[in-house]
Amino acid sequence: MDSTTQTHWSNLRSDDGDARYAALTALLALTEQPVGWAYKVWDELLANLRHTDNHQRAIAVQVLANLAKSDPEQRMLRDVDALFAVTRDERFVTARHSLQAVWKVALAGEQHRELVIERLAERFHKCVAEKNRTLIRFDIMGAMRKIYDAVGDEQMRERALALVETEEDAKYRKKYAAVWRSRR
């Protein structure tokens, strides 16, 4: 890890929200491609999924999701459930940021993709009693669409549309289905 990356890494823990956000943005850009330092930060990020600060939990999910492509040991296959736990965070904004990031794990390989799609489908079904279920379901459809756009797996698309059909409210069924219209 070079000194600039180390500075960004240190700034993730800053009390200054602007500095923390700038560091996160820089690290997310760096981790769009595989990096050699993933395992130097992996365990700390994994621990931060349970941090008392909700910002640190959201940051941990986002960076770990990006690091899935830098994981030749395939640790993510074992750790993905810890990321998905944060999609149920007590702070809805944290849960939502997490839900909007976990899809990137699916780009690390076929096993990862199947696991993420399975967890997204579970989350879609189990959120029915939650206060913000319609936003959660919309984010799940958005995540599945991003995976589809990246890999073009038609079976995945069909699976997502089958989830949409389980929505009882026609208004929301239409909203979720709209995520799948064109855009490609």
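Ser-98 is buried, with a relative accessible area of 0%, where buried means under 20% relative accessible area, exposed over 50% and partly exposed in between (1.4 Å probe, protein chains only). This serine is found in helix 6, which covers residues 92-99, and, not counting residues up to four places away in sequence, Ser-98 touches Ala-58, Val-61, Val-86 and Thr-87, contact meaning heavy atoms within 4.5 Å.

## About the model

This is a predicted model, in which local features need pLDDT of at least 70 and side-chain atom pairs count only at pLDDT 80 or more, while totals for chains, interfaces and linings use all residues. Residues are numbered from 1 along each chain as its sequence is written, and side-chain values use heavy atoms, with hydrogens and water left out.

## Overall fold

The protein chain has ten helices and zero strands, helices (H or I, at least four residues) and strands (E, at least two) being DSSP runs numbered from the N terminus. The radius of gyration of the protein chain is 17 Å, close to the 16 Å that the globule rule gives for 184 residues, so the chain is as compact as a globular protein of that length; this radius is taken over C-alpha atoms, and the rule is 2.2 Å times the number of residues to the power 0.38.

Along its principal axes, the C-alpha trace spans about 50 × 30 × 30 Å. Of the 184 residues, 47% count as buried, and among contacts with a separation of 6 or more, residues 24 or more positions apart account for 62%.

## The nonpolar core

The largest nonpolar core holds 55 residues, of which Leu-67, Leu-83, Leu-120, Met-141 and Met-144 touch the most other members; such a core is a set of buried Ala, Val, Leu, Ile, Met, Phe, Trp, Tyr and Cys residues joined through side-chain atoms within 4.5 Å. At least two residues of this core are supplied by each of several helices, including helix 4 (54-67), helix 7 (110-126) and helix 8 (133-151).

Leaving aside its neighbours within four places in sequence, Met-144 is in contact with Ile-117, Leu-120, Met-156, Ala-160, Leu-163 and Trp-180.

## An exposed glycine

Gly-36 is found in the loop between helix 2 (17-30) and helix 3 (38-48), and this glycine is exposed, with a relative accessible area of 78%. From C-alpha to C-alpha, Gly-36 and Gln-155 are 33 Å apart in space, and 119 residues separate them in sequence.
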